[in-house]
Amino acid sequence: MEKVRILLVDDEERIREMIREYTSLEGYDIDEASDGIEALNLFKQQKYSLVILDVMMPKMDGWSVCREIRKTSQVPVIMLTARGEEYDKLFGFELGVDDYIVKPFSPKELLARMKAIIRRSSSAAENTAKGDRISFEGLVIEFNSRNVYVDGNKVTLTPKEYELLNFFVQNPNRVFSREQLLNSVWGYDFAGDNRTVDTHVKMLRESLADYRKFIVTVWGTGYKFEAGVKK
C-alpha cells in the first residue's frame, strides 16, 4: 500500500504542531508550509494524498492556493478557517474544496475526516485502475479519468460533485436520505447540515444540463438516481 503523504499549510506553528502530533500516530508522512508560496513549491515537487490548507495566510491565501492546485490536480483538500459562514463554504466547494474544519477544532475530528477522505480517495483510485465507463443516454462517466461528458461535451465538476455523481450511478434506483448521502459521500457525520447535500445536488444538476432529470427528488426522504439502461 502506498504511503500516505500529507501537505499541511498553516502560518500558525502551534496548529501545525498539534496536527503533526495526531497524524504522526497514524503513520502519515507530513510536509509543512507556513505560507501559500512555500506550499505551491512543495506541491510541485511531491505527490500528496491530501492537502490541509489554512484560508488566511501571508503571501498567498488558501483560496488562491486551492485554485492553483485545481489547475493540475484533483488531490483532496481540507480547508482550515476561522469563519464558518455558509457563503464561505459554498465558495470553497465551488473551488473544489472537499471539506471544511472551522477553528478552533478538535484534532480527533480532523483526523476522522482525514481518514474518511483518504479512504474514499483510495477507493476512487481502485475504480481508476479498472478503467470502467458508464453511459446513460448522452451522459458519460469515465472512472479511469474522472471525466464526465454531456452530449459529447466534457463538463467540469468539483471533486465533491464527481463523488456524489459516482455514488449515484453506482447505486441506481435506490432512495438515499440526506443523512445517508452525508455518511456515504462525505464519509462522516456532518453535524446534520443537510443543506450541504442540497447545495451539491443543485450544483451537480446544473452541470448535467438536460440530464439533471436523472437525479430525482423523493419528497420527504432524499434523492435517487433514476435512468435508463446503462451501457
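Modeller: First a term: contact means heavy atoms within 4.5 Å. This is a predicted model, where local features need pLDDT of at least 70 and side-chain atom pairs count only at pLDDT 80 or more, while totals for chains, interfaces and linings use all residues. Residues are numbered from 1 along each chain as its sequence is written, and side-chain values use heavy atoms, with hydrogens and water left out.

Biologist: OK, what is lysine 160 in contact with, leaving aside neighbours within four places in sequence?

Modeller: Asp98, Arg120, Val185, Trp186 and His200.

Biologist: And is lysine 160 buried or exposed?

Modeller: Buried, with a relative accessible area of 0%. Buried means under 20%, exposed over 50% and partly exposed in between, using a 1.4 Å probe and protein chains only.

Biologist: Which helix is lysine 160 in?

Modeller: Helix H6, residues 159–170. Helices (H or I, at least four residues) and strands (E, at least two) are DSSP runs, numbered from the N terminus.

Biologist: Switching to H2, which residues are buried there?

Modeller: In H2 (residues 36–45), they are Gly36, Ala39, Leu40 and Phe43. These cover an arc of only 95° around the axis, so they sit on the same side of H2. That arc is taken from the directions from the helix axis to the C-beta atoms.

Biologist: What covers the buried residues of H2?

Modeller: The cover includes strands E1 (5–9), E2 (29–33) and E3 (50–54), plus helix H3 (62–70).
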